Amino acid sequence: MLRLQQYERLLKAMLISLNLEGPPEGLSAAREYKAAKLRKTSLGLLVEQFIGEHFSTASLNEGDERENATKPACGVAPEVVISYSFFFSSEAYKDVTASLSELVDLRNELVHHLIERFDISTKSGCIDAALYLDRCYLRIESSCQQLKAWATALDNLRIKASSFVQSPVFENAFVHGINPDGTISWARSSVVADLRLAERSCQIEGWTPLNAALTFIRKKDSKQAPTKYGCKTWRQLLKRSEQFDIRSLVEPTGAGSQTWYRSLAS
């Protein structure tokens, strides 16, 4: 029974961290809420949640498609979603889920029906019960080792994920919209966000002079530059992003023309 309780504690600890979501500043509170909710949950319900929410026979690509289909619209307050799943072949899925169900049944048998199964008022009954408990222990220990292996794999994955989150590759992709393959996700790039922010302060009758916008942007982020996005000039960046209308106006002094831009209607 002690080994079963250790199994339950480890499974609860895993379930607390396998799926968290919310604003970055609220993740700790979300974790505490989930821990409190699971504190008195039975092993049967824990296993049901474990299988239902975190076991899948879908491929990784199919999982990505499901995630992409549920992405929030732009403009919504940012939230962090942390989710881990175990992917199995159809045959392995059946084996693993059956094994977990058998463990729950074994736990219920030990808690509720052991004394009904063996006559412990006799020596032979006690011997039979002891042999049965030895077999049960081996079965429970096997499940504990399997769960421990999954927990260790998750810990290793979290370490790698944490390292990646702190890398320049992640910063470029998540903050600047520069994907690892070199392509640019312009709509969510930091440079487009900065250009739109500059519009709010510098626009004149709906159009923004690029020179004024660049002065604004450099005060905010001196490292922002078109070369970071594979462009030679800011005008080229405006055009490649496909997020803005562009026009050139001749300076009243005749000293040349200046680029003006405005965001495309969404």
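## Helix packing around α1

In this predicted model, helices α1 and α5 cross with a left-handed sense. Their axes lie 11 Å apart and the helices pack at an angle of about 135°, so that α1 and α5 are oblique to each other. On the α1 side the contact is made by L4, Y7 and E8, and on the α5 side by L100, L103, R107 and L110.

Helix α1 also passes α3, again in a crossing that is left-handed. Here the axes come within 10 Å and cross at roughly 35°. The α1 residues that meet α3 are L4, Y7, E8, L11, K12, M14, L15 and L18, and their counterparts in α3 are L43, L46, V47, Q49, F50 and H54.

In soluble globular proteins, nonpolar side chains tend to be buried together. The largest nonpolar core of this model comprises 33 residues, and L11, M14, F50, F55, F86 and W150 are those with the most contacts inside it. At least two residues of this core come from each of α1 (2-18), α3 (43-54), α5 (90-112) and α7 (123-165), and it is α7 that gives the most, with nine residues.

The surroundings of F55 can be listed in detail: leaving aside residues up to four places away in sequence, F55 touches F50, F86, F88, Y93, V96, T97, L100 and W150.

## Strand pairing

Strands of a sheet pair through backbone hydrogen bonds, either parallel or antiparallel. Strand β1, which spans residues 19-22, pairs with β3, residues 80-83, in the antiparallel sense over four bridges, and within this pairing S83 of β3 is the bridge partner of N19. In a regular strand the side chains alternate between the two faces of the sheet. For β1, L20 and G22 make up the covered face, whereas N19 and E21 make up the uncovered one.

Elsewhere, three strands form an open sheet in the order β5-β7-β6, with antiparallel pairing. Its edge strands, β5 (208-209) and β6 (244-250), each pair on one side only. Helix α11, residues 234-241, lies across β6 and β7 and runs at about 145° to β6.

## Loop residues with positive phi

Most residues other than glycine have a negative phi, and most peptide bonds are trans. Against that background, E205 has a positive phi of about 55° although it is not a glycine. E205 is found in the loop between α9 (190-202) and β5, where E205 is exposed, with a relative accessible area of 79%.

E242 is likewise a residue other than glycine with a positive phi, in this case near 60°. The loop between α11 and β6 holds E242, and E242 is exposed, its relative accessible area being 64%.

Definitions and conventions:
Residues are numbered from 1 along each chain as its sequence is written. This is a predicted model: local features need pLDDT of at least 70, side-chain atom pairs count only at pLDDT 80 or more; totals for chains, interfaces and linings use all residues. Side-chain values use heavy atoms; hydrogens and water are left out. Two strands pair if DSSP finds at least two bridges between them. Contact means heavy atoms within 4.5 Å. Axes are lines fitted to C-alpha atoms, for helices over the stretch in contact, and angles run from 0 to 180 degrees between N-to-C directions. A nonpolar core is a set of buried Ala, Val, Leu, Ile, Met, Phe, Trp, Tyr and Cys residues joined through side-chain atoms within 4.5 Å. Buried means under 20% relative accessible area, exposed over 50%, partly exposed in between (1.4 Å probe, protein chains only). Angles under 35 degrees count as roughly parallel, over 145 as roughly antiparallel, 65 to 115 as roughly perpendicular and the rest as oblique. A crossing is left-handed if the near helix is turned anticlockwise from the far one by less than a right angle, and right-handed if clockwise.
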